Amino acid sequence: MLVSTRGRYALRIILELSSRPQGEYIPLIELSKDQGISLKYAEAIVSFLVKAKLLEGRRGKSGGYRLIKAPKDYTVGEILKLTEESLAPVACLNCVPNNCPKATVCKTLPMWKKLNSLIQDYLFSVTIEDLNNNPVDESELDI
């Protein structure tokens, strides 16, 4: 699984909004600048998040974007599942039932299923609030 810039930027925008006073609308240009995302790309991402009912937008002088739910109610999994085509590590797990012609004899399929389960379980267990409460450990930046 490779997370696209769209998925990473959607997370960053939601994190930025979650760090602001709850209920406050933040102008798109401010979000774009603070996150180092081009205004055009930020606009496409927030539009997508508004349509998915993860954000609320308001036009006008005091307009902008805000979260609809509390940060504890957003999971990384829901945001990435929305922005990515798939979170599965291999394509054959995208179909239910699995329509791979080798599925019944594939010796690696159980491993891929387990990895997929670990990914899903982990990403859906991490909330935006968790990310806000975990300081960056600089020793992990060399990974």
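## Strands β1 and β2

In which sense do β1 and β2 pair, and over how many bridges? The pairing is antiparallel, and four bridges make it up. This is a predicted model. Across the pair, Gly-57 stands opposite Tyr-65 in β2.

The hairpin of β1 and β2 has five residues between the strands. Gly-60 in this hairpin takes a positive phi near 105 degrees.

## Helix α3

Helix α3 covers residues 39-51, 13 residues in total. From first C-alpha to last, α3 reaches 18 Å, close to the 18 Å expected at 1.5 Å a residue. Its buried residues are Ala-42, Ile-45, Val-46 and Leu-49. They sit on the same side of α3, because they cover an arc of only 95 degrees around the axis. The general rule is that an α-helix has 3.6 residues a turn, so residues three or four places apart point the same way.

What covers the buried residues of α3? The cover includes helices α1 (5-18), α2 (28-35) and α4 (76-83). Strands β1 (55-58) and β2 (64-67) are also among the covering elements. The face of α3 turned away from the buried side carries two exposed residues, Lys-40 and Lys-51. Just after α3, Lys-53 takes a positive phi of about 65 degrees.

Val-50 lies in helix α3. Is Val-50 buried or partly exposed? Val-50 counts as partly exposed, because its relative accessibility is 29%.

Beyond its neighbours within four places in sequence, Val-50 is in contact with Leu-55, Glu-56, Gly-57 and Tyr-65. Leu-67 is 17 residues from Val-50 along the chain, and their C-alpha atoms are separated by 9.4 Å.

## Helix α4

Helix α4 buries Val-76, Gly-77, Ile-79, Leu-80 and Thr-83. Seen down the axis, these residues fall within an arc of 165 degrees, so they line one face of the helix. They pack against α1, α3, α5 (109-123) and α6 (128-133).

## Nonpolar cores

Nonpolar side chains in soluble globular proteins tend to be buried together. Here the largest nonpolar core has 27 residues. Those with the most contacts inside the core are Ile-13, Ile-14, Leu-17, Leu-49, Leu-55, Tyr-74 and Ile-79. α1, α2, α3, β2, α4 and α5 each supply at least two residues of this core. α1 gives the most, with six residues.

Which residues does Ile-13 touch, leaving aside its neighbours within four places in sequence? Ile-13 is in contact with Leu-31, Ile-37, Ala-42, Ile-45, Val-46 and Leu-55. Ala-42, Ile-45 and Val-46 are among the buried residues of α3. A second, separate core of five residues includes Ala-88, Val-90, Leu-93 and Ala-103.

## Cysteines

How many disulfides does the model have? The count comes to zero, with a cut-off of 2.5 Å between cysteine sulfur atoms.

For Cys-95, the closest cysteine sulfur is in Cys-92, 8.2 Å away, so the pair is too far apart for a bond. For Cys-100, the closest cysteine sulfur is again in Cys-92, at 5.3 Å, and this too is too far for a bond. Cys-95 is partly exposed, with a relative accessible area of 30%. Cys-100 counts as partly exposed at 31% relative accessibility.

Terms used
Residues numbered from 1 in each chain as written. Predicted model: local features only at pLDDT ≥ 70, side-chain atom pairs only at ≥ 80, totals over all residues. Heavy atoms only, no water. Expected span 1.5 Å × (residues − 1). Buried < 20%, exposed > 50% of the residue type's maximum accessible area, 1.4 Å probe, protein only. Arc of directions from axis to C-beta. Contact = heavy atoms within 4.5 Å. Pairing = 2+ DSSP bridges. Core = buried A, V, L, I, M, F, W, Y, C linked by side-chain atoms within 4.5 Å.
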